[in-house]
Number of protein chains: 2
Amino acid sequence: MSSPSQLQAVLDRVDADFDQSLERLFALLRIKSISADPAFAADCKAAAVHLAADIASLGFAAEVRATAGHPAIVAKAKGNTGSRPHALFYGHYDVQPVDPLELWHRLPFEPVVTDHADGRKIIVARGAEDDKGQLSTFVEACRAWVAVTGSLPLDLTIVIEGEEEVGSKNFVPFLEANKADLAADFALVCDTGMWDPTTPAITTSLRGLVYEEVKIKAANRDLHSGIFGGGAQNPIRVLTRILGGLHDEHGRVTIPGFYEGVKDLPPDILAQWKKLNLTADSFLKPIGLSIPAGEDDRLLIEQISSRPTCDINGIVGGYTGEGSKTVIAAEASAKVSFRIVEGQDPMKIRDAFRAYVTARLPGDCSAEFLDHSNAPAIALDWNMKPLAAAKRALTDEWGKDALLIGSGASIPIVADFKRTLGLDSVLIGFGLDDDNIHSPNEKYDLQSFHKGIRSWVRILAALAEAPKT
Amino acid sequence: MSSPSQLQAVLDRVDADFDQSLERLFALLRIKSISADPAFAADCKAAAVHLAADIASLGFAAEVRATAGHPAIVAKAKGNTGSRPHALFYGHYDVQPVDPLELWHRLPFEPVVTDHADGRKIIVARGAEDDKGQLSTFVEACRAWVAVTGSLPLDLTIVIEGEEEVGSKNFVPFLEANKADLAADFALVCDTGMWDPTTPAITTSLRGLVYEEVKIKAANRDLHSGIFGGGAQNPIRVLTRILGGLHDEHGRVTIPGFYEGVKDLPPDILAQWKKLNLTADSFLKPIGLSIPAGEDDRLLIEQISSRPTCDINGIVGGYTGEGSKTVIAAEASAKVSFRIVEGQDPMKIRDAFRAYVTARLPGDCSAEFLDHSNAPAIALDWNMKPLAAAKRALTDEWGKDALLIGSGASIPIVADFKRTLGLDSVLIGFGLDDDNIHSPNEKYDLQSFHKGIRSWVRILAALAEAPKT
C-alpha cells in the first residue's frame, strides 16, 4: 500500500520527467504503424519491438508475440506485495491511414507540440491520441512508480495489439489461445475520452460496430455513355438509389428490423443526460455544423451515444480524376457502417443490410459484400468496485467529479475480454471531441497527456487499495 | 474529275501501302496525348507537331496553331482543278484518360494488332479508334490520292484539335477567330460509327451533352463516426439520396421540366428503326447485360439514340482504400451527365439539375457545381447533297446500302461548325459498338481501318463530282 507522501513523490516525478515522457511518445509516433495497409507491415512490427523494449526497461517481462496478423506485446510485472488485485492494461499501437494527406498541415509522422486555435498546447501527429498518446499515459505512470518506489503498487499485465483499427481479427484468437497467461482480475482500457477538456470521465457503455463493404457490378466492362447511355444499367445509379434510401426524412434508418430490440433509455439516465445539456451549439458548431442529423425525435446526446446509426464511410465508382469522362462504370462500391446498441445483434444487422441491398438490385446487377467488423454493443456494470476506485482517483487529479458516460464509438475488445478472459473492463481515457482521430491533423492535448499520466499514477494507487472486483 | 481507272489505281495503292499506313498509325498511337490531365500537356503538343509534319509531307500547307489550351492543326491543299467543292475535314488527336490501368491487357500506348475473340483482327491501344484511328483513315486516303495522281480531287482544309475529350472549350474560340481562314463548302467529321461490322452508316442526328460536377460539403473536416455518427450530417448520405432520386422506377429522369420540348419520333422514322431490330440480345449481351435500363415504354434503339438520358459517370467520397475506416467525410462529389436531344436547351437542363440538387440539400450542407460541357443536340439535313454522294461511295465500298442513323453520342463540334463557320457536316466513321472507346482495351477493327481508308478514297472522288452543297 502506498502512503500519501509516496504518491506525491511519484506525481512529482511525473512532472519532473515530463519532457522525457514527451520525447518517448514522439519516438513512438514517428513509426508509421498503419495496420490497414500491407505496405506498412514492417512499420507495425517495428512499433511492437520498440514498445516492448521500452516496457521491458521498466522491469516487465515483455515479449513481442506473433499473431496471424501484426504482432502483439505481452508484458508482466509483479506488484510490491502479493495480495493486491491483478490488472490487465490494454492499448493498441496501430494507427489509421493518413489520407487525404494534402489536408495535413504537417507530415503525419513528424510529431510536434504546437498551439491550438484557443491557446491550448497540443501534440500533432497520426496516433497522437488514438492510441499511442493514450497508451503512453499508462506506460509513463508505471515508469514513475518504478522510478520512485522500485516497483509497481499492484500486479500488472500490459497487452498491446496492432490491429485495433482493422477489427482485431487476429488478436481475438490470440486472446483465446493465451487465456491462462492473461489471467487477471479486471481490465483497464485506455482508448476513450473525457467529457470536456477539464472534466474526466469513465465510459460505461459503448456502441457496437457492423462495417460492411458492398460492390455493385453491372456490365462486363466500362462503357461509353454516348453509345450505351440510356440502354445500359449504371451501377453508380443503382448504388446511390439503394444507399440514398437508407434513411427516411426523419433521420431513421429504413432497413426492416433495424430497431428491433433497441430499448429507450431508463428515465433516470435520460434525466441525467438532459442535465448535461449537450447542445448543437457546443457539440456541432466547432465542426461547422448546426443541425443534429440523427433521428429528429431524439436528443443530440442520444443520437451520438445511445441510438443506433448508419453512415456511409466511403464511396467510389467511375471516373474521379480531373475533368470529365463520359463513362458508364462496370462497378461501384461503398463502405457502410452501423453503430449498434444494446439489444441489437450484429450478425442480424449485417444480414438485414445485405438483404436490403439484394432486394433492391435491378436485373443485370449483382452485389458482393465484405465484412470488415461485426462487434456488439457493450453495457458495463456501473457498480463495479475498481470503477469506484478509479472514479475517486480521477476526481482527485482533476478537481472535478468524474462522470460516467456512454460512448458512441465501439471498442470491440471490451466484449472480447469478457467473452474470452471473463474480465470486466474499466474504460478511462483523456481524448477530446476535437482530437481529429481518424482525420487529418490528429492531436492530443498536452494537458491530456500530462494529467493523463498523473491520473494513472493515482488510479494505480487507488486500485491497489480497492477490493479485487 | 477522276476516271474509274484512276480511282481503282488509288484504291490499289491503299491496299499496297496498308502495312505502312498501320505503322504510321502506331507512331501516332504511341504519343500519350491525354487532354484531361495537365501532366500530359507536352505529349499533346508532341502529337500535334507529329501529325502536322506528316500532313505537310502530303503537300498540305500545315501548321500547328496555338489555342488557349492544347494546340490545333490547320492544313490546306488545293485540289487538281478550281471548280470543285472545298471540304473541311475534322478530327481530334487527343484521347481519354486510361484508368483503370489494371484492366488493360496490354499497355495503352503500346499499340498491337491482335485477334478479337471472334477472329476479327483488331488494333488495340488508347485512341486506336477515338479518334486517331478514325482521322488516320482520312489522312491515309489523301496520301494515296497524292501518291497516284500528284494531287487531291478537291480543295481540302484539314483541322485537327486537341481538346475534344475535354469539351473543346478553347477550340471553339479558335474557330471564331479564324472564320475566314477556315471557309469551306461543308465539313466532313470522322468520329462516328458503322451500323455493324459490315454495314456502313452516316450519322444524321446526335444527342447533346450536359456534363456537371457536383460537390456536397458538410462539416469543416473529416469526422470520426464513433464520436459524431448520428449527430453530424454525412455528405455521402446527402449525395446518394439526391442522386439516387434522379430516376423513377420506370427509368424516367425525375428532374422537373427535363422532358420539356422533347418530341416523339416521326412515325415513319420509328417504323424504319423498328425494322432495324436492335435487340437486347444483339446490343446488350456482348457487354454482359440483358435488360434495357432506360425508359421502360421506349424501344432500346430510342433509349440509346433519340431519348435524353442521365448517367452518373463518377462518384467519390470518404475512405476508398483497402480495409475500413470509420470516417464521416467532410465532402463528397459526383460527375453527372445528360445526353440531350433536339428541343432541349442545354443551359435549361443544367439549371434544372442545379436547382434539383439545391432544393434537396438539407441544412448544414452546401453544393458546388462545375460545368464540364453544355452542347445541344444536332439534327442534320437528310437531303444535303454531299451526304448523298458520300452515301453512294460508302455503298460502293462495302457492297451494302449505307444507313442514315441517329447517334446517342455527342459531337458538339458539329453545332459549333454550323454556328461559327456556317458549315453543315457529314458524319462518317468506321467505329463499332465493341470498340471500348473511353474504356480499357480500346480497339479498332483492322478492317475498319483498311476499308475506312478505301471509303474516303471513294468519298473524295464522289464529292468532287457532286454539286457544292
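Hi everyone, this is a short walk through one structure, starting with where two chains meet and ending with a few single residues. Please keep in mind that we are looking at a predicted model.

Let's begin with chains A and B. On the chain A side, 82 residues are in contact with 82 residues of chain B. Which elements of chain A supply that side? Several of them give at least two residues each, among them helix 7, helix 10 (300-305), strand 13 and strand 14. The largest share, nine residues, comes from strand 11 of chain A. As for the kinds of residue on this side of chain A, there are 31 nonpolar, 37 polar and 14 charged.

Stay with strand 11 for a moment. Strand 11 of chain A is joined by five bridges to strand 11 (residues 309-318) of chain B, and the two run antiparallel.

Now over to helix 11 of chain A, residues 346-359. Its 14 residues reach 20 Å from the first C-alpha to the last, close to the 20 Å expected at 1.5 Å a residue. Which residues of this helix are buried? They are Pro346(A), Ile349(A), Ala352(A), Phe353(A) and Val357(A). These residues sit on the same side of helix 11 of chain A, because they cover an arc of only 130° around the axis. And what do they pack against? Their partners in chain A are strand 9 (208-217), helix 7 (235-243), strand 13 (331-340) and strand 14 (366-375).

Next, let's look at strand 9 in chain B, residues 208-217. Is this strand enclosed or open? Seven of its ten residues are buried, so strand 9 of chain B is largely enclosed by the rest of the structure. It has two strand partners to look at here. With strand 13 (residues 331-340) of chain B, strand 9 pairs in the antiparallel sense over ten bridges, and Gly208(B) stands opposite Ile340(B) there. With strand 14 (residues 366-375) of chain B, the pairing is again antiparallel, over nine bridges, and here Leu209(B) stands opposite Ala375(B).

There is also a hairpin to find in chain B. Strand 4 (residues 112-115) and strand 5 (residues 121-124) pair in the antiparallel sense over four bridges, with Val112(B) opposite Val124(B). Five residues lie between these strands, and Gly119(B) in the turn has a positive phi of about 95°.

The largest nonpolar core has 292 residues, and the ones touching the most other members are Ile73(A), Ala390(A), Leu460(A), Ile73(B), Ala390(B) and Leu460(B). Take Leu460(A): leaving out residues up to four places away in sequence, it touches Ala141(A), Trp145(A), Leu152(A), Pro153(A) and Leu154(A).

Val10(B) lies in helix 1 (residues 4-16) of that chain. Why do we call Val10(B) buried? Because it has 23 other C-beta atoms within 10 Å, and 20 or more is the cut-off for buried. Again leaving out residues up to four places away in sequence, Val10(B) touches Ala144(B), Trp145(B), Val148(B) and Val457(B). The C-alpha atoms of Val10(B) and Cys142(B) are separated by 9.7 Å, although these residues are 132 residues apart along the chain.

Terms used: Residues are numbered from 1 along each chain as its sequence is written. Chains are lettered from A and ligands numbered from 1 in the order in which they are written. This is a predicted model: local features need pLDDT of at least 70, side-chain atom pairs count only at pLDDT 80 or more; totals for chains, interfaces and linings use all residues. The expected span of a helix is 1.5 Å times one less than its number of residues. A residue is buried if 20 or more other C-beta atoms lie within 10 Å of its own, exposed if 12 or fewer, and partly exposed in between; C-beta atoms are placed from the backbone. The arc is that of the directions from the helix axis to the C-beta atoms. Two residues are in contact if their C-beta atoms, placed from the backbone, lie within 7 Å. Ala, Val, Leu, Ile, Met, Phe, Trp, Tyr, Cys and Pro count as nonpolar, Asp, Glu, Lys and Arg as charged, and the others, Gly among them, as polar. Two strands pair if DSSP finds at least two bridges between them. A nonpolar core is a set of buried Ala, Val, Leu, Ile, Met, Phe, Trp, Tyr and Cys residues joined through C-beta atoms within 7 Å.
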